[in-house]
Amino acid sequence: MIRLTEIKLPLDHGDDAIEQAILTKLAIDKSQLQSFNVFKRGYDARKKTAILLIYTLDIEVANEAQLLAQFAKDQHVKPAPDTRYKFVAHAPSNIQERPVVIGFGPCGLFAGLVLAQMGFKPIILERGKEVRERTKDTFGFWRKRTLNTESNVQFGEGGAGTFSDGKLYSQVKDPKHYGRKVITEFVAAGAPEEIMYVSKPHIGTFKLVTMIEKMRARIVELGGEIRFSTRVDDILLENGQVTGLKLSTGEQLNTQHVVLAVGHSARDTFKMVYDKGIYVEAKPFSVGFRIEHKQSMIDECRFGPNAGNPILGAADYKLVHHCENGRTVYSFCMCPGGTVVAATSEEGRVVTNGMSQYSRNERNANSAIVVGISPDEDYPGHPLAGIDLQRKLEEQAYAIGGSNYDAPAQLIGDFLKGKDSSTLGDVKPSYTPGIKLTDLAKTLPSFAIDAIREAIPAFNKQIRGFSSNDGLLTGVETRTSSPICIKRDKSMQSINTQGLYPAGEGAGYAGGILSAGIDGIKAAEALALSMIEKNS
Ligand code: FAD
């Protein structure tokens, strides 16, 4: 198979245009082209009146070797890499021990799935509930302000990304094409086929719910077991080796192989891990607000007369600004046509995040606008100090919001001028249960406020209207990534605890659904190889 890259066609190209572009590029006759497949489709919207679609195409031709030789110097004509997933191991028939995966977010889901596919019959422990029950609890909180601290946006089947935009792209290096495995499994579980080829795939929250149920059924079919409402409260160790786990059900589970995939909000679990002497260090993360604008404004600015074109969908953006005070402000987890969501897992705290449906057709665009912070400068002295800072900011936001889970919010114009907001403009807040207009400067350290005040007008140079008075800021966004790293070595095990595989976002090795899934696959592979070695 030959891979052609950078095939550019106009946005409104006709049905035959791709085939014609292949024939022209390779200077071949139609009879020589056996088949072709779109591997990726992106777009270049720099010229709004002439947006281009950019294709990566895999093609089969009769005379492949000859064509590859003929185009040897053309970097856009190469053999297509084999991106199919290959299992590194299969469980020996005499293996007795069952590996355990803690957490059933994307990392635990893929660790569990791949272990099950290799025949290891994993036991997966998840503190939250099955996804349908969890959905009721989460929407219950958004509508009625009743928080279930074990079943919410952060905790439960599917993990933190279940009520999300379901964006599936990542900037992690992926030479072994694990990302393709993640996407392929999602499609097999019912995700739209287009996620295989669009450059910025997304699934949206409702589809994710049914996909996760199907993937759970597959794991169970393969001999795996998933226990919900089962929190791991203790990791048992002997001479630096994991020997078992104590569960919130009172049970003890003996195992020497554990994937720890608990996500970035498992603060009690982080403390337990630290107290056990498992090596943990503080890591940088970011804090800020959610910003909301009308989606139509973002579409118009990014796509001009092509706004609303179904191939382009609702427009997104990615913005970065380096501030005079040395801080960097950037947009994060942008959700086109979505809603801002209440994302706390702890009582008396307010945290924002964003989600969308597959259609991305809500009236507002939202994104986190956050400032990078680091242990050295901002929370020195203790590996868990970042968690203390997150809690402090979330508690402040809760109090300023009125101590009823309303989030503090402010019009962009007022925030830039440093004055309290009292009435909304034409951007209606999407956050539920509600917002309280106030002065957001009280919710974050002054360096962060200064940095965001400098960045928003700078972003306005790229997206006209970004700093308009009526846009809305809602806070606080504190759970952008894990505040700790549970350090692991090349074998993927904790640097001082054998048999423990810290993985995914909580351990500091992923940021987002795709990269967490990829990390779960890597952890499963490393664990499987170690189990086989010990068994032989
Ligand atoms: P998690 O998904 O956090 O899963 C960890 C699981 O472990 C949880 O289910 C938790 O209940 C469980 N757990 C914790 N402690 C224990 C314990 N002691 N015992 C048993 N179980 C435990 N990313 C994207 O790529 N695209 C998006 O569009 C996107 N949108 C998001 C929207 C929202 C509202 C949120 C909150 C996050 C979003 N993210 C998005 C981020 C993404 O969800 C995370 O990066 C990803 O889920 C991390 O996967 P994980 O498996 O490492 O951890």
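Q: How many helices and strands are there in the protein chain?
A: The chain has 13 helices and 23 strands. Helices (H or I, at least four residues) and strands (E, at least two) are DSSP runs, numbered from the N terminus. Please keep in mind that this is a predicted model: local features need pLDDT of at least 70, side-chain atom pairs count only at pLDDT 80 or more, and totals for chains, interfaces and linings use all residues. Residues are numbered from 1 along each chain as its sequence is written.

Q: Which domains does the domain assignment give?
A: The bounds come from an automatic or database domain assignment. They are domain 1 (2-79), domain 2 (100-281 + 483-535) and domain 3 (284-477). The C-alpha centres of domain 1 and domain 3 are 40 Å apart. Where these two touch, 6 residues come from domain 1 and 8 residues from domain 3; two residues are in contact if their C-beta atoms, placed from the backbone, lie within 7 Å.

Q: What makes glutamine 390 buried?
A: A residue is buried if 20 or more other C-beta atoms lie within 10 Å of its own, exposed if 12 or fewer, and partly exposed in between, with C-beta atoms placed from the backbone. Glutamine 390 has 24 other C-beta atoms within 10 Å, so it counts as buried. Glutamine 390 sits in helix α10 (residues 385-400). Leaving aside residues up to four places away in sequence, glutamine 390 touches Thr478, Arg479 and Pro483. In the whole chain, 47% of the 536 residues count as buried.

Q: How do you know that the buried residues of α6 line one face of the helix?
A: Helix α6 (residues 205-221) has Thr205, Leu208, Met211, Ile212, Met215, Arg216 and Ile219 buried. Seen down the axis of α6, these residues fall within an arc of 145°, so they line one face. The arc is that of the directions from the helix axis to the C-beta atoms. The face of α6 turned away from the buried side carries the exposed residues Ala217 and Glu221. The buried residues of α6 pack against several elements, including α3 (106-117), α4 (131-144) and α5 (178-188).

Q: What makes the reach of α6 close to the expected one?
A: The expected span of a helix is 1.5 Å times one less than its number of residues. With 17 residues, α6 is expected to span 24 Å, and it reaches 25 Å from its first C-alpha to its last, which is close. Just after α6, glycine 223 has a positive phi of about 100°.

Q: Why does arginine 145 count as partly exposed?
A: Arginine 145 has 14 C-beta neighbours inside 10 Å, so it counts as partly exposed. Arginine 145 is in the loop between α4 and α5. Its phi is positive, about 70°, although arginine 145 is not a glycine.

Q: What makes serine 229 partly exposed?
A: Serine 229 has 16 C-beta neighbours inside 10 Å, so it too counts as partly exposed. Serine 229 lies in the loop between β7 and β8 (232-238), and its phi is positive, about 50°, although it is not a glycine. To put such values in context, most residues other than glycine have a negative phi, and most peptide bonds are trans.

Q: Which residues does a cis peptide bond join, with omega about 15°?
A: That bond joins threonine 432 and proline 433. Proline 433 is in the loop between α11 (412-417) and β20 (435-437). A cis peptide bond also joins glycine 475 and valine 476, with omega about 0°. Valine 476 is part of strand β21 (residues 472-477).
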